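Hi,

Here is the structure I promised to pass on. Have a look at it first, and then read my notes below.

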Protein chains: 2
Amino acid sequence: MLSCAVWHDGYANTVIASEIKACLFDVFGTVVDWRTSVTRELQDFARAKGIGGVDWLEFAVEWRALYQPSMEEVRSGRRPFTILDVLHRESLVKLLHRHAIAHLTAQDIDHMNRAWHRLDPWPDVREGLALIKRSRIIAPCSNGNIALMVNMARRAGLPWDCILGAETARAYKPLPEAYLASCRQLGLRPAEVMMVAAHNNDLKAAKAQGLATAFVARPNEHGPGQTSDLAPDASCVDVAAVDFVALASELG
Amino acid sequence: MLSCAVWHDGYANTVIASEIKACLFDVFGTVVDWRTSVTRELQDFARAKGIGGVDWLEFAVEWRALYQPSMEEVRSGRRPFTILDVLHRESLVKLLHRHAIAHLTAQDIDHMNRAWHRLDPWPDVREGLALIKRSRIIAPCSNGNIALMVNMARRAGLPWDCILGAETARAYKPLPEAYLASCRQLGLRPAEVMMVAAHNNDLKAAKAQGLATAFVARPNEHGPGQTSDLAPDASCVDVAAVDFVALASELG
């Protein structure tokens, strides 16, 4: 039941901005620059602990590469719902073994793991969210758990109205329930809710559940050589904007 | 496993303010004045619809009297978890019959029901929450559902970091899970979390799960003749403050 909309000149004509009561945001990559921030956090930790000889940017990318497989265990039903902080930590322990980094305490590993709580937003995010919040509910719809999102928001100044996503839905995106529970918990129909993401596959899954969609490109999420998600996929994107401030302007 | 603390001069000596990382707030009565606000909302609606001959203050009090029995159906396990907006609406329909108020549309009843989304805070709340938020996570831990809390917060200017409570816990207070899930979702131990309420029974239940507790008296919640919850119960209250600004000051 994929409802497709042709995107051109800002809006697909199927979306009427005044009907949108809430915007839900993907977070990792869309709101925050995980790659640069995790790398910085790991470098700072390594410097403090005197750990040398590791390419921490590569380490951060390897950590992120374990993200989808770890959630797939839960999505598939092979594992009961488990929050992302726990999945991230399990992946981190694997990587520490792979890189032969030993002698860390549980507290050290916890601190490294909470690097994901200390990610910096893209430069337009705070202003854009504040503008959108004037007229619409704003909430993350992320696979990150509540504590991660709360700690990130307090540090980064993200003025969410509430924290929604995988933990409140007890389902990881792109499963339908992740989007549908978020709408239901706001007391809104999917057509009254817009999913905002830098990833077309997230928007495709949201659109399939009847949500409106907005694409904001983050061409540096994966570094200088990024080849994916450089442009909106017209088959599932209603609105495209260069950043959150432009999106606020599009929504009016 | 009720841990009792002797309260005097602000603090019981069992609570160290610097250990408190988050404050959870009861909402109906503690943060907002439901009695005056619901009455005003019902009066405004009745005036607009030309409905006469009803004492709307009495109606509001009757509506609130159906609150605990409606949740008890869920707490007892006789009914699956059902959000408060639905329970409130069922109670409202009963009261409309009792008062022989007919000919309302579903939209009219929905509007009346959402009176609970439009409650005014006590005068100290906005300032007090902003002060507490500087150093600690603040969230409601209410039996109200997410949409109710979000709509209330946006209208009333309540700067929550996230919305916790019955819907995220899928358990109504004073069941232990309502408090424990809220701590868990923040990634904190109960001893790092303080429950703030104007109701000693709420604090007694929170204290039994290991949370710190703060009592803020709301002597007009039930009107001029209020006899209950005028003072903290020393058996379960760690901190007492006259209002949220004073509480912020106590917490430092």
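This is a predicted model: local features need pLDDT of at least 70, side-chain atom pairs count only at pLDDT 80 or more; totals for chains, interfaces and linings use all residues.

Let's start with H103(B), which sits in the loop between α4 and α5 of chain B. Helices here (H or I, at least four residues) and strands (E, at least two) are DSSP runs, numbered from the N terminus. H103(B) has a positive phi of about 65° although it is not a glycine. Most residues other than glycine have a negative phi, and most peptide bonds are trans.

Residues are numbered from 1 along each chain as its sequence is written, chains are lettered from A and ligands numbered from 1 in the order in which they are written, and side-chain values use heavy atoms, with hydrogens and water left out.

Helix α4 (residues 84-98) and helix α5 (residues 106-113) of chain B pack at about 115°, and their axes are 10 Å apart. (Axes are lines fitted to C-alpha atoms, for helices over the stretch in contact, and angles run from 0 to 180 degrees between N-to-C directions.) That makes α4(B) and α5(B) roughly perpendicular to each other; angles under 35 degrees count as roughly parallel, over 145 as roughly antiparallel, 65 to 115 as roughly perpendicular and the rest as oblique. On the α4(B) side, the contact (heavy atoms within 4.5 Å) includes L92(B), V93(B) and L96(B), and on the α5(B) side I109(B) and M112(B) are among the residues involved. By class, this contact has six nonpolar, two polar and three charged residues. (Ala, Val, Leu, Ile, Met, Phe, Trp, Tyr, Cys and Pro count as nonpolar, Asp, Glu, Lys and Arg as charged, and the others, Gly among them, as polar.)

Another pair to look at is helix α6 (residues 125-133) and helix α11 (residues 244-251) of chain B, whose axes come within 7 Å and cross at roughly 20°. α6(B) and α11(B) are therefore roughly parallel to each other. Among the residues that meet are L129(B) and I132(B) from α6(B), with F244(B) and L247(B) from α11(B). Nine of the residues in the contact of α6(B) with α11(B) are nonpolar, one is polar and one is charged.

Chain B also has an open sheet of six strands, in the order β3-β2-β1-β4-β5-β6, with parallel pairing. Two strands pair if DSSP finds at least two bridges between them. At the edges are β3 (164-165) and β6 (239-241) of chain B, each pairing on one side only. Strands β1 (residues 22-25) and β2 (residues 137-142) of chain B are joined by four bridges, and C23(B) has I138(B) as its bridge partner in β2(B).

Then there are the cis peptide bonds. In chain A, the bond from K173(A) to P174(A) is cis, with omega near 5°, and P174(A) lies in the loop between α8 (166-169) and α9 (176-185). In chain B, the bond from K173(B) to P174(B) is cis too, with omega near 5°.

How do the two chains relate?

Cheers
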